[in-house]
Amino acid sequence: MGEKEKAKSTRKKKVPQWAKFFPDFIIERDSEKCINCRICVKECSYGAHIWNAKKKELSEDHTKCVGCHRCEAMCPTRAIVIRRNPSDFREHAVWTPWFIKNVYKQADQGGVLLTSTGCTIPFRSYFDHLVLDACQVTNPPIDPLREPMELRTYLGPKPDALEVEAAGEGRFRLKRPLPRQIKLEVPIMFAAMSYGAISLHVHQGLARAARDLGTLYNTGEGGLHASLYEFGGNTIVQCASGRFGLHVDYLKAGVAIEIKIGQGAKPGIGGHLPGEKVTEEISKTRMIPVGSDAISPAPHHDIYSIEDLRGLIFALKEATEYQKLVFVKIAAVHNVAAIASGIVRAGADAVVIDGLKGGTGAAPTMFRDYIGIPIELAVAAVDQRLREEGIRNWASVIASGGIRCSADVIKLIALGADAVYIGTPALIACGCTMCQHCFTGKCPWGIATNHPELIKRLPPEVAYEKIYNLVHGWAHEMKEMLGAMGLNSIESLRGNRDKLRAVGLTETEMKILGVKHAGE
Amino acid sequence: MKDISGCGLSGVIHRKGELIPGEVIIKSICCQEERGNGLGAGFAAYGIYPDLADYYALHVMADHRKALEDVEELLAHRTYMAHEEPIPTRRTPGIEDPPLFKRYFVKPKYEGETRQLCEGTEDEDDYMVSLVMEINTRIEGAYVISSGKNMGAFKGVGFPHQIAEFFRIEEYQAYIWTAHNRFPTNTPGWWGGAHPFTILDWSIVHNGEISSYGTNRRYLEMFGYHCTLLTDTEVVAYLLDLLIRRHRLPIEVACMALAPPFWQEIDRMPQEERELATAVRTVYGAAMLNGPFAILFAYNGGLVGLNDRVKLRPLVAAEKGDMVYMASEEAAIRAICPDPDRVWAPKAGEPVIVELEPGSIPNQRSYLRGPGEKTGAAVCRYPG
Ligand code: SF4
Ligand code: SF4
């Protein structure tokens, strides 16, 4: 080693890494309970548990812990507790530890703060300021266990009026068939999460669950693994700006094609799958070299205007002989209503609105937290705008981003959505603990990873069962809520804002949502 | 009866278009007094203005003189008026401070007006619909309570016998009558809120609550109908007008849209029927009336009874010669027709449709279509 280089390396060693001084979590190990089985060492993909073979003892590197709780859950003697680091900075209302530590991280490393999942800023959650109605006396509530209760939903463009002709004996028939529709037995679909961002096992689980629930899952922008073509009837294939894994068989594989313009978690930028996540299988599916970063550009380079979007919509329809519906997905941004109207007029069969709180496998923190608007407001504005323009029937409206429970689904439908997409809830159903480190590709729960050892932790059958159970439960809750409102069919809830009341919202907010205040 | 929140309905039609005296309907609705609480009653009568049968009869209710003047000014601009008069009323014990009632017999006047109408058509009916919407939404204190040809609605706050006395119902004769006795539960007792609800010659009396009101109302707004009468029944009138008159759906298909079969039944239907039912539910999902209801609706040419898709409210029909009766209770029918030839309870979601024989009355409309139906005259969009 030359003098100069040596000097450089010693100097580098001396530069302190501020972020390492103040770990977010503390790993507490109860030595009374610990039996030195070393399971935690194996389970922690971040290397926070260390086994010293010489001394035969366990130690911890707290700075590596991301708070995923995997070791805690797997420890056979329950010897581990993961705790928020109790050591506090002096309180400061503006400079909270979050901001201080982010500055440390950037001062240490330079670059962009990266994160995962959806917005963590406690902006007003409109879901939590909306309450639902129920029947009392004047109108009987309906019991879904005893009477039919219908969630079936058809996605696709609908004519304003039907043309019917007599078919004799007092019967009638359609003069011309309806435009192509997609039938959902439950208006909850699985949002685009690419193979690559999440493991093949999760994809397999989603696909099977979608089939058994009578709904759809979305491939995301990473192409479609060969093993999943058989679920085509329940698949939406995505066409994003990177065009990974896109070929005509792929386009024809599902029942719909989704053009992804943007995503609620990171409006205005494209996707980024780090090279570490690009394994052999993924490289095949995405049609890119192993280990190369898969970067999708911010715009589609063939869409610089609404006319171009129209061009792509019809190019896809042509390529698939008008057998597939084309959805267009956008992030909910300030001008979402006008944009959605343009998309509907451009010929989309459904417009997907992804709100501020939508999740992601990897996004710059600034984008995740501060760009876009809440889905509740966006859906209300889009639905109203499309109605005012008389084009609400031309396309379905699909809402996503920040849905946490079946009541959120009900509220979005009452605000005007035809159906919703859920992403994060399906992952949490698979065991995700919201550690927000999917971007590392080391998800210790085997979800947001392609590491061959890690993905074994979540077999496809388990993913299937958990996801199926979740949506099954939500569907039942939705039926109960509908019944309580005196409705026996979801279409009577769609856009029915009379069923919502606001608690503690301002005039402006209520005007945008089109709801009255509770008590009114 | 445990459920006291209902209302009473009664309707009668003479299939050959012979006129039925007002006492008949009064007797029938008054026998269902238990079904009301004195907060609303009303009547719709068809065939009552034979001399002015080619004019739209606007029954206008106004809170004050000024509102009527505003209406008259608008009508002077927008219509040719053949006749105007106060609706005859009499002082009735128990009815205090009634609003003003006037009727105007008009035809659309297009001159000087843009022909910009609903859906861009130049249909007279569409013209009248937008005129009614304009009066109801723009003129403070004035409401058009009926607007069809050769028919009219009479309604207000009171028991049926009081409203009948107030409007001198016994002085009218009609080939179709409907009546309503109201037990308002969710909207205030207000003259405009009583039934029937009407648009053009559609009139609706309704027992029930429409849980899908918000969906129905916003759906109708897309087609230029604005609900102003503070009650859910109004949507039914507009839905019928939209589906049957404007979208030209046969009445059976329109009834299917309002009270559609369940998917589990649709899935079992033969292909052609299944495709139709699926399309109706897909396209007209927002027109479905969800919640318990029984309705009677009438038009210049027919009377229809319809129940919700699970039949949560009563409806009985009976037949005697050329007369057909429909009511909430059999007793209401037997009060005016002691020995009917046939009495039956219509099934959930299955409409009872009775049309006049073709050519029975001027301006007759028929919405039953297809040669199988015998009555199948083409619909008369431009009657007369
Ligand atoms: S990162 Fe997860 S597995 Fe590793 S120590 Fe922290 S909680 Fe345990
Ligand atoms: S998927 Fe895995 S890495 Fe991502 S938040 Fe959940 S547990 Fe953490």
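Guide: Let's start with His69(A), which sits in the loop between strand E3 (57-60) and helix H4 (70-74) of chain A; helices (H or I, at least four residues) and strands (E, at least two) are DSSP runs, numbered from the N terminus. This is a predicted model, in which local features need pLDDT of at least 70 and side-chain atom pairs count only at pLDDT 80 or more, while totals for chains, interfaces and linings use all residues. Residues are numbered from 1 along each chain as its sequence is written, chains are lettered from A and ligands numbered from 1 in the order in which they are written, and side-chain values use heavy atoms, leaving out hydrogens and water.

The backbone deserves a look: His69(A) is not a glycine, yet its phi is positive, about 65 degrees. Most residues other than glycine have a negative phi. His69(A) counts as partly exposed because its relative accessibility is 28%, and that class lies between buried (under 20%) and exposed (over 50%), with a 1.4 Å probe and protein chains only.

His69(A) is also one of the residues around ligand 1, together with Ile27(A), Cys44(A), Tyr46(A), Ala48(A), His49(A), Cys65(A), Val66(A), Cys68(A), Arg70(A), Cys71(A) and Ile82(A); each has a heavy atom within 4 Å of the ligand. By class, this shell holds nine nonpolar, two polar and one charged residues. Here Ala, Val, Leu, Ile, Met, Phe, Trp, Tyr, Cys and Pro count as nonpolar, Asp, Glu, Lys and Arg as charged, and the others, Gly among them, as polar.
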